[in-house]
Amino acid sequence: MSMRTKTKYLCQECGQQSARWLGRCPGCGTWNSLIEECVNPRKEVNPSSLGGDLPRPVTEVSVLEEERFSTELGEMDRVLGGGLVPGSLVLLGGDPGIGKSTLLLQASQLLSRKMQVLYVSGEESTRQIRLRADRLGELLPGLLLLSETDIDVMERHLRELAPPVAVIDSIQTMYKSDLGSAPGSVGQVRECAAQLMRLAKTEGISIFLVGHVTKEGVIAGPRVLEHMVDTVLYLEGDRHQFFRILRCVKNRFGSTNEIGIFEMSGSGLIEVTNPSALFLIHRSQGGVPGSAVAAALEGSRPLLVEIQALVSPAGYGTPRRMTAGVDYNRVALITAVLEKRVGLNLGSHDIYVNAVGGVKLDEPAIDLAIACALTSSFRDKPVDSEMALAGEIGLTGELRPVTGVEKRVKEAFKLGFKRFLLSGQSAADHTADTGILTADTLATALDLAIKV
Ligand code: TYD
Ligand code: MG
């Protein structure tokens, strides 16, 4: 085949080249590391058009903020660090069916009020997209739809139209005909993404790229895509629940710790501006054993989330340990501290811990709520239902300070909590405030949170 001559196989570990695919790299011996590439993929790159110009003294480099424009979705702008940067390539990853196409189609419709947007889908026909768009919002002629999977054809359209914004849904369906491998393979995904990156930079088009997450939780192969693009967003949540969290994990143009919260409805995703109230909405009143409320901080925003734990005597064999929304290893550590420093005999019990609402929390400040929920379930006594908690737990059983106390406390009281428990160190300026309770050890904290 003639197309064979245009590609080569490259080892991702050591860079060894081969004319054909091999299961094992002859250079370094790694299995399955050879990826197909175009022989001369970067032929058209011209450094001056990549936004880079001539070397110049540091003192003469402009420090003005990059111009950004709003996506018209406040939560999306927040996560992007204040809007979309022209000519940037943004990857939106997430499980299939989580709402990536919905989110980007909505953003496209809103953007089409003020500029042209090209929405390219390799998954749906233009008719299907229109039907969906009908449900989501206004239909405006500024939104152009294209059903296409050939990256070169798509590039031609993009160059011709040069819209300020384009959406490519999804990278896994795009293919370059020069490559022999199938769409969705690492070689194809990488080649197509590289081509889109060049296109974004040379034409100044902001491109959103949809990427489905594979079973291993990565976007097509060993995170190849994440390294190439400017910004990586993930849309996550439990498909059976309504909340969707948009999270930034990489951003060349801003911070990565902001999250955006949406609720999936019959007419698309709705922005949630007061997430804490939503996350607590189904909380059982009156206090059920095994539930505690963590006052977490996501980026600059406080988020109150219910942590649930179930501790029950194990049958035969190794006790089961399961977590959802919180870090498994963190729970193991807290369990060990509870055994050793508080004297709870958890070793022979099954343990389940869950952050309600499908949100993923990875902040150590939620330790205290996890410990309280576990202890509460173990002792079958409820945690004070009007108390919010924040504190990191140390290996010696001490309660450590957390950052952003002011914001956490304010949010909790705003939502009607009467008491807030935290480490004595972090409460320094607040000890006089009514409702603030402090503890220096986990044992003391548990006594304050769970009444016997
Ligand atoms: P979709 O955006 O197609 O997911 P992805 O592109 O990430 O694969 O979302 C699909 C799900 O969203 C589907 O299960 C139906 C649901 N949905 C709604 O609940 N409301 C809506 O208005 C739309 C368009 C979809
Ligand atoms: Mg989709």
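Leaving aside neighbours within four places in sequence, Pro-183 is in contact with Gln-172, Thr-173, Met-174, Tyr-175 and Gln-188, where contact means heavy atoms within 4.5 Å. This is a predicted model, in which local features need pLDDT of at least 70 and side-chain atom pairs count only at pLDDT 80 or more, while totals for chains, interfaces and linings use all residues. Residues are numbered from 1 along each chain as its sequence is written, chains are lettered from A and ligands numbered from 1 in the order in which they are written, and side-chain values use heavy atoms, with hydrogens and water left out.

Pro-183 belongs to the loop between strand E7 (165–169) and H5. Helices (H or I, at least four residues) and strands (E, at least two) are DSSP runs, numbered from the N terminus. At 45% relative accessibility, Pro-183 counts as partly exposed; buried means under 20% relative accessible area, exposed over 50%, and partly exposed in between (1.4 Å probe, protein chains only). Thr-173 is ten residues from Pro-183 in sequence, and 5.6 Å separates the two in space, C-alpha to C-alpha.

**Helix pairs**

Axes are lines fitted to C-alpha atoms, for helices over the stretch in contact, and angles run from 0 to 180 degrees between N-to-C directions.

| Pair | Axes | Angle |
|---|---|---|
| H4 (residues 151–161) and H5 (residues 186–203) | within 11 Å | roughly 10° |
| H2 and H3 | 10 Å apart | about 70° |

H4 is therefore roughly parallel to H5, and H2 is roughly perpendicular to H3. Angles under 35 degrees count as roughly parallel, over 145 as roughly antiparallel, 65 to 115 as roughly perpendicular and the rest as oblique.

On the H4 side, the contact is made by Ile-151, Asp-152, Met-154, Glu-155, Leu-158 and Arg-159, and on the H5 side by Cys-192, Gln-195, Leu-196, Leu-199, Thr-202 and Glu-203. By class, these comprise six nonpolar, two polar and four charged residues. Ala, Val, Leu, Ile, Met, Phe, Trp, Tyr, Cys and Pro count as nonpolar, Asp, Glu, Lys and Arg as charged, and the others, Gly among them, as polar.

Between H2 and H3, Ser-101, Thr-102, Leu-105, Gln-106 and Gln-109 of H2 meet Ile-129, Arg-132, Ala-133 and Leu-136 of H3. Here the classes are four nonpolar, four polar and one charged.

Ile-129, Ala-133 and Leu-136 are buried in helix H3 (residues 126–136). Around the axis they cover an arc of only 55°, which puts them on the same side of H3; the arc is that of the directions from the helix axis to the C-beta atoms. Helix H2 (100–111) and strands E5 (117–121), E6 (143–147) and E12 (268–271) pack against these buried residues. Exposed Arg-127 and Arg-135 are on the face of H3 turned away from the buried side.

In helix H10 (residues 405–414), the buried residues are Val-405, Arg-408, Val-409, Glu-411 and Ala-412. They fall within an arc of 165° when seen down the axis, so they line one face of H10. Among the elements covering them are helix H7 (275–279) and strand E14 (301–313). The face turned away carries exposed Glu-406, Lys-410 and Lys-414. Just after H10, Gly-416 has a positive phi of about 100°.

**A three-stranded sheet**

Three strands form an open sheet in the order E2-E1-E3, with antiparallel pairing. Strands E2 (17–18) and E3 (34–38) stand at the edges with a single partner strand each, so one side of each lacks a neighbour in the sheet. Two strands pair if DSSP finds at least two bridges between them; five bridges join E1 (residues 7–11) to E3. Leu-10 stands opposite Ile-35 in E3.
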